[in-house]
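Biologist: Can we go through this model label by label? I'd like to hear what stands behind each term.

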Amino acid sequence: MKKRILLLACFFTHIFHIDAREFRTPITLAKHPTHNAWCTNEDRSSTWVLWTGGYFRKASKVLMDDSECSSSECESVSLAQIIFGATEFSAQDAFPNKTAIDPLNPFLQTTISPRLKYIDRGFIMGLDITKNYSDEWRFGVRFQLPYRKFTMENRSSRPGNSGILGGQDARDLLVFIDETIGNSTVKSFAFRLDILDQLHADCKQPGLSVPFVNYANISFPNNPVTMSNQNINPPNNYIPASERTPVTLLNSTNGTLPLLPFALTVAAAQALPCLSNNGTPLADGQRERFCPSPSNYTSFGANTALHSQVWVVPTVDTTQGIIVAPAAIIRDNVKQLLTCIQTSPEEIFEKCGLNFCSQTRSGLGDLDSELYAQWCFTEHTYLEFLLGARFPIAGSIHNSDVIFSESLGNNGHTEIRVGAHAHVSLPAMTFSADGAYSWVLKSQERVPAAFAGASIKNLGPEAHADIWWNYYVTHLEVRLHPPINDYHKLEYVFGYEFYKKDKDHIEFCENQLTDCLGNLSDLCAPVLEQNTAVNSHKIYIELDYRYTQPNSYGFGVFGGFSRVMRGNNVPKEQEWYFGIHLRM
């Protein structure tokens, strides 16, 4: 039965949004060589074009298609959407069926909200060799070799989300602070109730089996609410009277830390309205107290959805200038527990070996090569057919535990490509269009495991998988070149690029793997496959200058800018590039 449930969970993962693995679009600079060829009427002549250029591009946002978000939302989706599959999630979401429980980590259900940015820069060296075999046909070969430096910046930690991955941790949800109430400066606190619910009396048995919060403690008369075994709502005749309301509840509808002051005086606390037995939602900033026992708060205890909006704060005895004794015990016991529990949602993964630090990789990219044949209708008009291959000299990622380490190429995959290019030149204008389809061949990669029933990826121990994918890219381009003279040409370039990548095809080499809680769990390839399809609509503008001796040498410089305007599962990239070329 358990096996069937896990298989169903793996199947239903198809309907959830999971991100793309290769999420970057083609480097705009890399399209340049196809536009640096001239037809000549010299029989059996050869043309060599050497070129090089540098580029810089960056992105921190992701574009999604209209079916998944409104146009305004599409402009503001975090890059985390395509790295992890969501902009906000909990640690539980990365585990089988999202049911992870660890008595020593009370933060597995708190929000993780990563903030990421990548910067990709480098240069490309290119060579284009063409040989004329007749007035109509010529054949050639092209090579490209990039040098890349890619940085993924983890900028997640910030006030309210202090964890290394933007998780809400102990610093955000179990807050200790000195504040002045009346004329007394006291060691106050604000603890979010859902985190207190996950704590235990101790970090080892038998206290590890005793809940920190008990909404009907049968060890006390009238079964009151207790926290750290302290009676929170004793009867009205309880002595001392100052401890009849040791803590109160302060509401924050979005779950963030409320504004100061946290604590209240005894008189102000005891004058608050009572919390209803089922915990009717409070208004933002509203305060309530537990009614004196006998009051039954088991319904409120079961209504856990409200607890992430409720903060427990102390009561201050101004006659002594301290918080009341039960509140002080709760405060001190929480502080003690923090010395022996995990204090962030990310820690469950860090103990599993995952690394969330910013990463920079630099080195040679993959070697790209093309064989082509051009059918020249006229000196300035041709149709080209090409066969290309990309060789994975950049290598692959050898350690999937370093989450933000990205490949400088196809991550060890060889690529085969076919394509065509049409070029028509008029006296003051040139039109060109090219398209190519690529098969990225199957190769084994090391990837973070994805488990059946999980909705988040890239947060698991290392697994091995066979992976392959295909993609298509096309360019439409107009070049305006008002006449100057026979030797000098200035071109204004306006281009469009469409890039479409189909989903990744993934086959895990193992059926099961031990997750980060030590449980043997089923792997689920659809978690990695679903919605890895990418498409982008990019525009670019460019300015080219060329000096050419007819049927002889020439040189030129060019510079441009591109931007992804629309798409799905694609970063909103901006790229600047500049280069030179020499014709011989």
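Biologist: Which residue stands opposite Glu370 in β18?

Modeller: Gly388 does. Keep in mind that this is a predicted model, where local features need pLDDT of at least 70, side-chain atom pairs count only at pLDDT 80 or more, and totals for chains, interfaces and linings use all residues. Residues are numbered from 1 along each chain as its sequence is written, and side-chain values use heavy atoms, with hydrogens and water left out.

Biologist: What makes β17 and β18 a pair?

Modeller: Two strands pair if DSSP finds at least two bridges between them. Strand β17 (residues 367–378) and strand β18 (residues 381–391) have 11 bridges in the antiparallel sense, so they pass that cut-off. They form a hairpin, with 2 residues between them. By "strand" I mean a DSSP run of E of at least two residues, while a helix is a run of H or I of at least four, both numbered from the N terminus.

Biologist: How many bridges join β18 and β19?

Modeller: There are 10, again antiparallel. In β19, Gly419 is the bridge partner of Leu386.

Biologist: How do you know that β8 and β9 pair, and over how many bridges?

Modeller: They have 2 bridges, in the antiparallel sense, and at least two is what the definition asks for, so they count. Asn214 stands opposite Thr226 in β9. The open sheet here has 3 strands in the order β8-β9-β10. Its edge strands are β8 (213–214) and β10 (230–231), each pairing on one side only.

Biologist: Back to Glu370. What makes its contact with Arg417 a salt bridge?

Modeller: The term needs a side-chain nitrogen of Lys or Arg within 4 Å of a carboxyl oxygen of Asp or Glu. Glu370 and Arg417 meet at 3.3 Å, N to O, so the pair qualifies. Glu370 lies in strand β17 and Arg417 in strand β19, so the pair ties together parts that are 47 residues apart in sequence. Both Glu370 and Arg417 are buried.

Biologist: Why is Arg331 called buried, while Asp332 is partly exposed?

Modeller: Buried means under 20% relative accessible area, exposed over 50%, and partly exposed in between (1.4 Å probe, protein chains only). Arg331 has 13%, so it is buried; Asp332 has 38%, so it falls in between. Their side chains meet in a salt bridge too, at 3.0 Å, N to O. Arg331 is one of the buried residues of α8, which include Ile330 and Val334.

Biologist: And Lys503 with Glu529: what is the distance, and where do the partners lie?

Modeller: It's 3.5 Å, N to O. Lys503 lies in the loop between β22 (488–501) and β23 (505–508), and Glu529 in helix α10 (residues 525–529), so the pair ties together parts that are 26 residues apart in sequence. Lys503, at 33%, is partly exposed, whereas Glu529, at 13%, is buried. The structure holds 28 salt bridges.

Biologist: Last one: which strand gives the most to the nonpolar patch?

Modeller: β20 does, with 3 residues. β19 (415–425) and β20 (429–448) each supply at least two. Trp439 lies in strand β20, and at 36% relative accessibility it counts as partly exposed.
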